[in-house]
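Hi,

Here is the structure I promised to pass on. Have a look at it first, and then read my notes below.

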Amino acid sequence: MRFQVLDIIPHLKNPVTGEIVSTADRLNQVVRTAQRAEELGYDSFSVGERHAGEFISSSPTTVLAAIAAVTSRIRLQSGVTVLSVLDPVRVAEDYATIDQLSRGRLELVIGKGNEVLQYPLFGLDLDDQWDLLAEKYGLLRRLWSEENVTWSGRFRPPLTEPTTTTPRPFAGAPRVWHGSATSLTSAALAAKWGDPLFTANAIQPRENYAVLIEHYRAEYERHGHDPKHQFLGSGAGAGGVFIADTTQEAKRQFGPVYEALTAGRDVPGNNSPYRDIDHAVAEGPALVGSPEQVIDKILSYHELYGHDLQSISLPTTQPFEQQLDILERFALEVIPAVRAAAPTDLWADGDPFAGRPGFSLTGTTGTEPDAAARVAADHTSHRSSHVYAH
């Protein structure tokens with residue numbers, strides 16, 4: 001299994017102590033966490049995007065660019081890029097810039113977002129969110145893979161003149177994942193294009209997310225894509241990872257914070273059913289406990305999901321040094337056991353994106369084969385040798 005650190009950059013008071021860091025300090029913590037994650041051997045670092053609520057992640061491209069400048073190996077991802085409310089031309093430009101700055105380390109994760117207030121903020125109708133996502137992704141794919149694009153659609157002015165966005169990505173189009181939290185629609189869109197899926201696995205029972213994953217896999221097969229590129233990522237529950245010497249000690253330390261944060265969130269239809277820490281640890285996706293408890297929970301979810309990439313988030317209302325300590329303990333005491341028990345082909349030999357220039361032993365010239373084109377060719381070849389109903 002591979003491991004990602006995700007920060008959607010919530011900016012909250014610790015509900016027990018009332019303490020909160022400044023905006024500048026919180027943003028700098030994100031960059032420092034990414035640096036430390038690279039030092040500890042994590043595979044990727046992801047920055048979220050929110051335009052409403054108690055978050056300061058409205059400009060994830062800026063934060064990812066700052067991280068690109070102080071790292072050299074770790075992959076950079078978004079979690080998620082709220083493509084439904086954005087202009088695909090600008091998304092193509094901004095994220096290609098990050099891909100260039102990082103010399104090919106970018107992988108995008110797109111979605112329609114988990115905050116309904118974002119739509120009126122951008123003058124959009126919430127009822128159009130899925131159509132917006134599908135149309136804009138279709139255009140984004142063309143802008144990254146083609147030059148001199150002309151296009152027309154429903155939600156933005158047409159590109160009547162041949163358009164080539166600049167800069168171009170560092171070495172062909174980056175890989176795009178699709179985030180899925182509550183609906184089959186994102187899973188179906190990922191399957192349609194033969195892209196990987198990232199399930200939020202945040203607040204619902206695991207069986208609910210399993211339905212999304214099963215739908216994705218069935219649709220992926222129906223479209224005739226090559227199964228060797230069917231990768232799956234999974235989140236780790238709301239609230240953040242918390243590790244202590246024993247599960248009882250982890251619950252004692254983090255329980256009051258988790259329960260106060262959960263009680264303070266009142267978003268009908270989007271609230272966790274795991275209101276207390278005992279319930280969250282016993283039945284929910286929260287990774288809270290001893291290293292052994294956390295290992296067992298990840299592997300139990302892997303048994304159901306078969307995921308390749310495990311995402312974790314730190315408890316960002318806790319003191320920053322404690323967050324870094326948890327990051328280190330997870331890397332040293334959890335990751336090795338899970339990697340040994342759950343191997344994956346993601347970013348390994350045979351995965352074209354493992355050889356993007358930022359990870360190639362042959363250098364970073366930008367002349368290596370286009371990974372996205374190789375994946376597309378594999379899908380076409382697979383369909384040509386099988387009969388599928390599209």
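A quick definition before anything else: when I say two residues touch or are in contact, I mean that they have heavy atoms within 4.5 Å. This is a predicted model, in which local features need pLDDT of at least 70 and side-chain atom pairs count only at pLDDT 80 or more, while totals for chains, interfaces and linings use all residues. Residues are numbered from 1 along each chain as its sequence is written, and side-chain values use heavy atoms, with hydrogens and water left out.

Let's start with R217. You'll find R217 in helix 7, residues 206–222 (helices are DSSP runs of H or I with at least four residues, strands are runs of E with at least two, and both are numbered from the N terminus). Not counting residues up to four places away in sequence, R217 touches Q230, L232, Y305 and G306. With Q230 there is also a side-chain to side-chain polar contact of 3.4 Å. By that I mean a pair of N or O atoms within 3.5 Å; within protein, one must be able to donate a hydrogen and the other to accept it, and residues adjacent in sequence count only if both atoms are side-chain atoms. The C-alpha atoms of R217 and H307 are separated by 12 Å, and these two residues are 90 apart along the chain.

The cut-offs are under 20% relative accessible area for buried and over 50% for exposed, with partly exposed in between (1.4 Å probe, protein chains only).

Q4 is another one to click on. Q4 sits in strand 1, residues 2–7, and counts as buried because its relative accessibility is 2%. Its side chain makes a polar contact of 2.8 Å with the side chain of Q77. Leaving aside neighbours within four places in sequence, the contacts of Q4 include S44, S46, F198 and L309.

Now for a helix pair. Two packed helices are described by the angle between their axes and the distance between the axes. The axes of helix 5 (residues 129–145) and helix 6 (residues 184–193) come within 11 Å and cross at roughly 25°. So helix 5 is roughly parallel to helix 6, a label for angles under 35 degrees. The axes here are lines fitted to C-alpha atoms, for helices over the stretch in contact, and angles run from 0 to 180 degrees between N-to-C directions. Which residues of helix 5 meet helix 6? They are W130, L133, A134, Y137, G138 and R141, and on the helix 6 side you have T185, S186, L189 and W193.

Last, some backbone details. Most residues other than glycine have a negative phi, and most peptide bonds are trans. A cis peptide bond joins G79 and V80, with omega about 0°; V80 is in the loop between strand 3 (75–78) and strand 4 (81–82). Another cis bond joins T166 and P167, with omega about -5°, and P167 is in the loop between strand 7 (159–163) and strand 8 (176–180).

R103 has a positive phi, near 60°. R103 lies in the loop between helix 3 (88–101) and strand 5 (106–111) and is partly exposed, at 47% relative accessible area. W347 also has a phi near 60°, but W347 is buried, at 7%.

Cheers

Notes:
Parallel < 35°, antiparallel > 145°, perpendicular 65-115°, else oblique.
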